[in-house]
Amino acid sequence: MARWDPGTADRLRKAALELYAEHGYDAVTITQIAERAGITRRSYFRYFPDKREVLFAGSEQLPPAVGEAVLAAEEGESPLRTALAALAEVGTRVTQLVDPSPERRAVIAASAELRERERSKAAAITTALREGLEQRGTPPGPAKAAAQVATIVFGDAFDRWIDAAGKRDFPACLETAAATLREACG
């Protein structure tokens with residue numbers, strides 16, 4: 001096997017998800033993941049720094065992408081619409097890279113450590129939205145509120161996309177989630 005086989009990261013993600021679903025996140029070791037993927041434990045670290053990141057790899061790119069999308073959004077929209085438009089754009093890109101696996105969501109839901117990692121990711125997205133909105137001239141209070149609400153809608157939209165097995169486009173899922181929020185607010 002080549003040292004940097006382009007399919008290895010995907011095999012590791014698949015192996016980890018299978019093992020986490022079978023045994024629970026806490027019971028699985030990096031060695032087990034590596035062995036199931038057909039590589040050594042040492043080689044595992046060429047692809048992921050720990051066993052958590054096999055599920056979250058690439059998520060560090062989300063906040064900068066979100067911030068850039070906010071800054072590039074059309075002028076004249078409300079802060080919330082601007083944030084949602086940015087998330088629709090970035091979410092579309094993310095869904096092209098992520099497997100719409102309900103197993104991944106179940107594994108994360110079953111682990112306190114992974115739920116915390118998911119919350120950290122959401123907090124980073126909220127911060128990127130808020131900072132982008134503030135750079136566009138939105139006052140801090142409305143920027144913070146719009147960013148928090150948009151992040152909640154984004155999470156709901158992502159769940160809807162997974163529930164549809166990736167067969168609905170992400171902007172449609174985001175619009176449905178936003179409509180549900182508007183309905184809930186009366």
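How many helices and strands does the protein chain have? Ten helices and zero strands. Helices (H or I, at least four residues) and strands (E, at least two) are DSSP runs, numbered from the N terminus. This is a predicted model, in which local features need pLDDT of at least 70, side-chain atom pairs count only at pLDDT 80 or more, and totals for chains, interfaces and linings use all residues. Residues are numbered from 1 along each chain as its sequence is written, and side-chain values use heavy atoms, with hydrogens and water left out.

**Whole chain**

From the N terminus on, the elements run α-α-α-α-α-α-α-α-α-α. Along the principal axes, the C-alpha atoms fill a box of roughly 55 × 30 × 30 Å. Colour by accessibility. Of the 186 residues, 40% are buried. Buried means under 20% relative accessible area, exposed means over 50%, and partly exposed lies in between (1.4 Å probe, protein chains only).

**Helix 8**

Select residues 112-135. Helix 8 has 24 residues and should span 34 Å at 1.5 Å a residue; its end C-alpha atoms are 34 Å apart, which agrees. The expected span is 1.5 Å times one less than the number of residues. Highlight L114, R117, K121, I125, T126, A128, L129, G132 and L133: these are buried in helix 8. An α-helix has 3.6 residues a turn, so residues three or four places apart point the same way. The buried residues of helix 8 pack against helix 4 (53-56), helix 5 (62-72), helix 6 (79-95), helix 7 (102-109) and helix 9.

Stay in helix 8 and pick A122. A122 counts as partly exposed because its relative accessibility is 27%. Draw a line from A122 to L62. The two are 60 residues apart in sequence and 9.6 Å apart in space, C-alpha to C-alpha. Just after helix 8, stop at G137, with a positive phi of about 105 degrees.

**Helix 7 on helix 8**

The axes of helix 7 and helix 8 are 7 Å apart, at an angle of about 105 degrees. Helix 7 is therefore roughly perpendicular to helix 8. Axes are lines fitted to C-alpha atoms, for helices over the stretch in contact, and angles run from 0 to 180 degrees between N-to-C directions. Angles under 35 degrees count as roughly parallel, over 145 as roughly antiparallel, 65 to 115 as roughly perpendicular and the rest as oblique. Show side chains: R104, V107, I108 and A109 of helix 7 meet L114, R115, E118 and K121 of helix 8.

**Helix 6 on helix 10**

Switch to helix 6 and helix 10. Their axes come within 8 Å and cross at roughly 140 degrees. Helix 6 is therefore oblique to helix 10. Select L84, L87, A88, G91, T92 and T95 in helix 6, then F170, P171, L174 and A178 in helix 10; these make the contact.

Move to helix 9. Its buried residues include A143, F154, F158 and W161. The buried residues of helix 9 pack against helix 6, helix 7, helix 8 and helix 10.

Last stop: A165, in the loop between helix 9 (140-163) and helix 10 (170-185). Phi of A165 is near 55 degrees, a positive value in a residue other than glycine. Is A165 buried or partly exposed? At 40% relative accessibility, A165 counts as partly exposed.

Technical notes
Contact means heavy atoms within 4.5 Å.
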